[in-house]
Amino acid sequence: MSINRRNFLKFAGASTLIGVTGTAVIEKILLTDAEAAVSPGSEALTAKRWAMVIDVSKIKTEDDYKKIIHACHSIHNVPDIGNKKDEVKWIWEEDYEHSFPGVSDEFVPESIEHKSFLLLCNHCAKPACVRVCPTKATFKRPDGIVAMDYHRCIGCRFCMAACPYGARSFNWRDPRPFIKEETKEFPTRMKGVVEKCTFCSERLARGLKPACVEASNGALVFGDLEDPNSEVRKALSAHYTLRRKPEVGTAPSVYYVIGGNEHA
Amino acid sequence: MLDKALTGSKGYWIWIFSLLAVIGVGVLSYLHQFDYGLGVTGMSRDVSWGFYISQFTFLVGVAASAVMLIIPYYLHDYKKFGKIVILGEFLAIAAVTMCILFIFVDLGQPMRVMNVILHPTPNSILFWDATVLNGYLFINLIVGWTTLTADRKGVPPPNWVKPFIYLSIPWAVSIHTVTAFLYAGLPGRHFWLTAVMAARFLASAFASGPSLLILLCLIVRKVSKFDPGKEAIQTLGKIVTYAMFANVFLLGLEFFTAFYSQIPGHMHSFVYLYAGLDGYSKLVPLMWISSILAIISLVMLVNPNIRRKENLLATACVMIFISLWIDKGFGLVVGGFVPNMFERVTEYWPSLPETLITLGVWSIGFLILTVLYKIAIAVRERTASWPELH
């Protein structure tokens, strides 16, 4: 079949018309759906920049640490693979010296030297991981949370090289057989993608604070860094705090209360 | 012209089938990795890049080194390189192909590789690296193929290809600069966070690439009637010498900054690589072999009497290639991850499947190189008796 010029123009005109009106209709449908998908629910917790203050002096026993870590790992389907090479972790314990390399002093109160700190993603204001990701699979949300799209990640691990905090884990193998009790409330991940702490963005959307905060008996404080009346800001004005590697300019949003004996 | 690769001596076919066998083993190993995940490698949460990315880094240098023939020949009209410039371009094609393959086999989700194009992200250096590598492959395919076709017909290359040739010069520099930027812009990795990284990459590239090219030229002369030319090889030898001195000088600068400043973060990786850290010293023997080979080869190359003897020149080139392969194709990437972000040491060593996949990719590269060189040689053998064209 051959199309002459006249017929072609008629066809083109008609399809453009359908195209224009059709697109407009579809756009309208999509827009409402998209808006519904991204606009926070009425009970959602919102902030300009979410932040956390961790006061480990308030975490007394090893069981208290385990409880906090378990609260996170169990609701996020974080696998327990059982070897260091394939390890996936979102929040974990580390001693003072290795939590703050280069900052840690030679002589510190015993209560600090042998204390475990809780490490997790710092949800930096200027995250290096987001800068280097070649697919925008990791991105910063307007509320400051550094999030991951597990379905877009190609597994290049540039973000792992870039993160100054070792906060990211890679699924070196299929994690699903290593999830003790799978929860259907949160997606499991597949092999070959990077994952990390999300500041419980899925809980914030439902009006709940992060699981670790909830399980911490007040040792972990969570709130809006840009709100002067928030709990984190109150904690920051009441205590001297440290952040991990502030000198690299990523502006971490996780603060550590360094109390020493007065808190022990 | 491809038909020329389909006829060859018994030795040629033995070589081809040997490569195919290694490629076959590599492909099977890759299928295993594809099924199980990157856990089959020696990489870990702490050392999250290993052999694949370091081979890629090393080979970008080999690819970029073609410019060491292009500049003298096309910008300075150095005619002695006329016959071998095609060998440099074809080496670049093989090397860039290996680079792209090494990135591919390193991906956790290789089926999503097109996400880099579907969601272009200009703030990611990896996005630019993919762009410049593919561009460089494209440029060298055009230039190599067009100039060789023209040669075969006994006519000068068409004028339209000239801009591509000139473009290939800054482009070659760009591929290695951008590759250095993958490392040199990461906060918290002291070993990589150095302004001379790109300069050092280029210097080591212009030593390793041309030294491989010298070896290839000598092999070509041995297995065919095409003689790349004694003087061309000697000039390459001088390029290798200068570039290697520049590389060692730049490495020395790194040592000075790290150890005179005494800043722990700057020293740690060097200490791990050359002396061992906290009792971990897996890479120490390799790094010392690299250093010793570098020194011996430099002593040899700087002496014109030794350099002029092709056997000794070849020996020095083998040493330089191995030295730089260890330095850049292993130590540079692994060293950046040790110690880790908590100043703890996790060591890395490639696993068997990882090694087989790596060998497979190298074999694919050498297969491409062999086929392209076979074609180039066939054309050169035919036109050897003709007068100079350019």
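1. A polar contact is here a pair of N or O atoms within 3.5 Å; within protein, one of the two must be able to donate a hydrogen and the other to accept it. By this rule, 36 residue pairs are in polar contact across the interface of chain A and chain B, with both residues of each pair at pLDDT 80 or more. The elements of chain A that give two or more residues to the side touching chain B are the strands β2 (91–95) and β6 (169–170) and the helices α5 (128–132) and α6 (158–162). By residue class, that side of chain A divides into 25 nonpolar, 8 polar and 17 charged residues. The model under discussion is a predicted one.

2. As to the extent of the chain interface, chain A brings 50 residues to the contact and chain B brings 42 residues. The area buried between chain A and chain B is about 3700 Å², and carbon and sulfur atoms account for 52% of that area. Three residues, Ile154(A), Phe158(A) and Trp172(A), supply 19% of the area that chain A buries against chain B, which is more than any other three residues.

3. The charged pairs across the chain interface deserve a separate remark. Between chain A and chain B the count is 4 salt bridges. A salt bridge joins the side chains of Lys84(A) and Asp46(B), with an N to O distance of 3.2 Å.

4. Within chain B, the domain assignment gives domain 1 (1–186 + 360–384) and domain 2 (189–198 + 245–340). Taken over C-alpha atoms, the centres of domain 1 and domain 2 of chain B are separated by 25 Å. In the contact between these domains, 22 residues of domain 1 of chain B meet 18 residues of domain 2 of chain B. About 1700 Å² is buried between domain 1 and domain 2 of chain B, of which carbon and sulfur atoms give 74%. On the side of domain 1 of chain B, the residues that lose the most area to domain 2 are Phe58(B), Tyr183(B) and Leu186(B), together 33% of what that side buries.

5. The polar terms of the domain interface in chain B are as follows. The rule finds 0 salt bridges between domain 1 and domain 2 of chain B, and 5 residue pairs in polar contact, both residues at pLDDT 80 or more. Helices α2 and α7 (162–184) of chain B are the elements that give two or more residues to the side of domain 1 touching domain 2. The largest share of that side, 8 residues, comes from α2(B). The side of domain 1 of chain B that touches domain 2 divides into 12 nonpolar, 9 polar and 1 charged residues.

6. Is Thr57(B) buried or exposed? Thr57(B) lies in helix α2 (residues 51–64) of chain B. Thr57(B) counts as buried because its relative accessibility is 0%, where the cut-off for buried is under 20%. Leaving aside residues up to four places away in sequence, Thr57(B) touches His176(B), Thr179(B), Tyr183(B), Phe201(B), Lys328(B), Leu332(B) and Val333(B).

7. Helix α10 (residues 264–274) of chain B is largely enclosed by the rest of the structure, because 8 of its 11 residues are buried. Among the buried residues of α10(B) are Met267(B), His268(B), Phe270(B), Tyr272(B) and Leu273(B). The buried residues of α10(B) pack against α9 (230–261), α11 (284–302) and α13 (310–337) of chain B. Just after α10(B), Gly276(B) adopts a positive phi of about 95°.

Key. Residues numbered from 1 in each chain as written. Chains lettered and ligands numbered in written order. Predicted model: local features only at pLDDT ≥ 70, side-chain atom pairs only at ≥ 80, totals over all residues. Heavy atoms only, no water. Contact = heavy atoms within 4.5 Å. Buried area = accessible area lost by both parts, 1.4 Å probe. Polar contact = N/O pair within 3.5 Å; in protein donor to acceptor, adjacent residues only side chain to side chain. Helix = DSSP H or I, 4+ residues; strand = E, 2+ residues; numbered from the N terminus. Nonpolar A, V, L, I, M, F, W, Y, C, P; charged D, E, K, R; others polar. Buried < 20%, exposed > 50% of the residue type's maximum accessible area, 1.4 Å probe, protein only. Domains from an automatic or database assignment.
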